[in-house]
Amino acid sequence: MTGPTGPTEPPKRRRGPGRPRQDEVDDGPGTQERIRLAAREVFAERGYDKTSVRGVAKVAGVDPALVHHYFGTKDDLFAAAVEVSMEPALVVPAILGEGPDGIGERLARYFLGVWENPVTRAPLLAVIRSALTHEAAAKVLRTLVLRRLLERIAADLDVPNPTFRAELAASHMIGIAMLRYVVQVEPMASADPEEIVALVAPTLQRYLAEA
């Protein structure tokens with residue numbers, strides 16, 4: 001297209017409501033990861049109530065429409081923020097890889113390792129605290145910890161009543177998290193993680209591996 005003073009650029013197509021720019025969409029996985037990490041940071045700092053999609057977008061340096069484009073609702077974004085801390089897709093094969101022997105110890109060490117790391121602990125604290133008063137947070141906790149992690153482990157081991165066993169294991173570990181990291185009851189709060197693993201692993205082993 002040409003104008004009076006020479007070639008001109010074609011007019012840019014306007015975005016419809018809620019549509020990200022094409023160059024933002026093309027950013028792909030790198031942008032999604034940046035949003036996930038920003039969401040983890042914001043949810044951990046502000047909690048579920050005070051976090052907004054707009055606030056996460058600001059920290060990630062993207063348009064809020066792009067956050068909606070990749071992650072949908074605030075609840076979905078919350079789930080993604082927590083999942084980036086626990087990474088069940090990577091963890092489950094590692095826990096199952098060596099067979100049923102020692103699975104209780106591997107699971108206990110993984111769970112405590114996530115909580116002992118300050119970076120991954122913060123969003124999990126936000127989940128635990130928010131789950132007490134918000135159904136959306138409670139749903140994230142149920143879906144991520146129980147169904148995406150423990151049920152997959154129990155089902156793969158082919159033990160009787162895998163769902164019930166997964167719930168027992170989840171109740172045990174979440175109870176430890178509540179006492180050690182949220183309420184900070186002593187001597188649980190200052191106990192050596194390896195001591196906790198040694199005492200908890202046999203119970204998890206029984207839940208998840210013994211017929």
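Residues are numbered from 1 along each chain as its sequence is written, and side-chain values use heavy atoms, leaving out hydrogens and water. Because the model is predicted, local features need pLDDT of at least 70 and side-chain atom pairs count only at pLDDT 80 or more, while totals for chains, interfaces and linings use all residues.

Helix α7 spans residues 103-116; helices here are DSSP runs (H or I, at least four residues), numbered from the N terminus. Of its 14 residues, 10 are buried, so α7 is largely enclosed by the rest of the structure. Buried means under 20% relative accessible area (1.4 Å probe, protein chains only). Among these buried residues are Arg 106, Tyr 110, Phe 111 and Trp 115.

Turning to the crossing, the axes (lines fitted to C-alpha atoms, for helices over the stretch in contact, with angles from 0 to 180 degrees between N-to-C directions) of α3 (residues 53-60) and α4 (residues 64-71) come within 8 Å and cross at roughly 105 degrees. That makes the two helices, α3 and α4, roughly perpendicular, a label for angles of 65 to 115 degrees. Val 53, Arg 54 and Ala 57 of α3 are in contact with Pro 64, Val 67 and His 68 of α4, contact meaning heavy atoms within 4.5 Å.

The whole structure holds six aromatic pairs, in which ring centres of Phe, Tyr or Trp (its six-membered ring) lie within 6.5 Å. Phe 43 and Tyr 48 are stacked (planes under 30 degrees apart), with centres 6.3 Å apart and planes at 20 degrees. Both Phe 43 and Tyr 48 are buried.

Definitions and conventions
The expected span of a helix is 1.5 Å times one less than its number of residues. Buried means under 20% relative accessible area, exposed over 50%, partly exposed in between (1.4 Å probe, protein chains only). Angles under 35 degrees count as roughly parallel, over 145 as roughly antiparallel, 65 to 115 as roughly perpendicular and the rest as oblique. Rings of Phe, Tyr and Trp (its six-membered ring) pair if their centres lie within 6.5 Å; planes under 30 degrees apart count as stacked, over 60 as edge-to-face and the rest as tilted.
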